[in-house]
Amino acid sequence: MKKFARILFWALALVPLFVLLLEWRLRVSAPLTMDPATPQEQGIRILVLGDSITRGSPESSYPRELNEMLQKMPLKAPVQVFNEGMSGYETLDIFRRAPFLLDRYKPQIVVTMTGMKNTGLDDPLIRELRVYRLYQRVHDYLLSADYRPFEANSEKAFFDHVLETGDDSVDYVRFFGDRLRAAHRFEDAIHYHRQVIEKYPWHLGAHLALAQIYGDTNDIDQAEFYFDQAIELSGHSVSWIFIEKSLALRKAGRHQQAELLMRDLLTRFPQDPLVNEFYFDLYRELGRAVETESVIRSGLAKNPNAARLHVILGTILSGRGMNSQAQAEFQAARDLEGESRQDTKTKLVYQQLTRLLQERGILHIAVQYPRHPVSKLKEWLGPETPHLYYVDNERSFENALKEEHYEKLFIDYFGGDFGHMTKDANRLVAGGILARLRPWLQENGLLN
């Protein structure tokens, strides 16, 4: 026992000494580099940074849609769009990885869609340690080589990986859920999901994907069964799974069941703005939107800081001709959006990222999330400049949602009032970016 204690003591003592020696050696050596030596291409290089909303799916992402739009333009130089969106990434993660990616791709333009969250810890003193920076370089290098299994491997290879590991990640949902649904390969998808469930009965993604497929094929009884299984696996705690079920019921014309489910949801999640919003959406579809006014007011009483509920109430009041009261609710929503800007850590990190791009002379196009006000970004980063453009996705999506159902644009409710995007939504975002980028291309003589 004493021998083990001595070994443990010296191990604990030598680790800090090793770190200190490594830190000293790195400081006196050449600057850290781990560039994978990507050849420097001629032409226009656009790097896109963000989270899973940016990353998209193998079939569609807004960087991919932007690239396709640019390829059709009469440009005087070849153009490349590099999508480095990473699922689960926060603003701090993007900022940490940015120098590595800037060295790798050497872009003239960087597009960002971030700012939703920033919960990570990052002390400035730790960030300056060479050991820490070495760790980040190694991490980023490995990540760039092995981050997208479903893009690098065949369908069978990825499925073998799922069966071996029980992978229940967003990659599984997109590869064997959204991808196969979009291709109308329903039999293949059912075959995959059932094999996964047979081996991993707890696999939430497979149950939910099966429910959605049966909803697509109008087998509503099977859809209900698998939705209920997914709800059980989630512990009845995930409101958007209930909402997915209600949407399937609505699609099948079972509005009475959908209404009962939404009423139950209001009891379970009275403070959830999303539940209130979809309750209103159901009644609007039924031509009874005014009936939800008391429900929305009750939701606001429980959650007065829910900006979307003020917007819904304003919409109801506007429909009743009560314009002054409606404007007051819309103003309350704008004020609350302003209050949410007090996430000072995210703001400071985003400012550092913008400063890094400006120091390198890179055009920064800051894109706002769908349905969110671009004024939030402007307060964080300041007014537009020749090196900083903004893209507003609030009005375009609100207008689109007046014409289309939510699921036409979003495949889930990841962001609360928006989610991961369909091809239509990705094209909407890409079109907004292209509209802002066009003047820059003209000014730089790159557009015929």
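Start with the cavities: a search of the whole structure finds one of 30 Å³ or more. Here a cavity is a set of points, on a 1 Å grid over the protein atoms alone, where a 1.4 Å probe fits but cannot get out. The largest cavity has a volume of about 40 Å³, a volume being the space filled by probe spheres set on the points, which are joined across faces, edges and corners. This is a predicted model, in which local features need pLDDT of at least 70, side-chain atom pairs count only at pLDDT 80 or more, and totals for chains, interfaces and linings use all residues. Residues are numbered from 1 along each chain as its sequence is written, and side-chain values use heavy atoms, with hydrogens and water left out.

Now select L49, G50, E84, M86, Y89, I94, R97 and L101, which line the largest cavity (lining residues have an atom within 4 Å of a point). Strand 1 (44-50) and helix 4 (91-105) are the elements that give two or more residues to this lining, and helix 4 gives the most, with three. Helices (H or I, at least four residues) and strands (E, at least two) are DSSP runs, numbered from the N terminus. Colour the lining by type and you will find five nonpolar residues, one polar and two charged; Ala, Val, Leu, Ile, Met, Phe, Trp, Tyr, Cys and Pro count as nonpolar, Asp, Glu, Lys and Arg as charged, and the others, Gly among them, as polar.

Next, select K106, in the loop between helix 4 and strand 3 (109-113). K106 is not a glycine, yet has a positive phi of about 50°. Most residues other than glycine have a negative phi. K106 is partly exposed, because its relative accessibility is 32% (buried is under 20% relative accessible area, exposed over 50%, partly exposed in between, with a 1.4 Å probe and protein chains only).

Finally, go to N218, in the loop between helix 11 (204-216) and helix 12 (220-233). Phi of N218 is also positive, near 65°, and N218 counts as exposed because its relative accessibility is 56%.

Note on methods: 1 Å grid on protein atoms, 1.4 Å probe; cavity = no way out; pocket = protein on both sides within 12 Å on 5 of 7 lines; lining within 4 Å.
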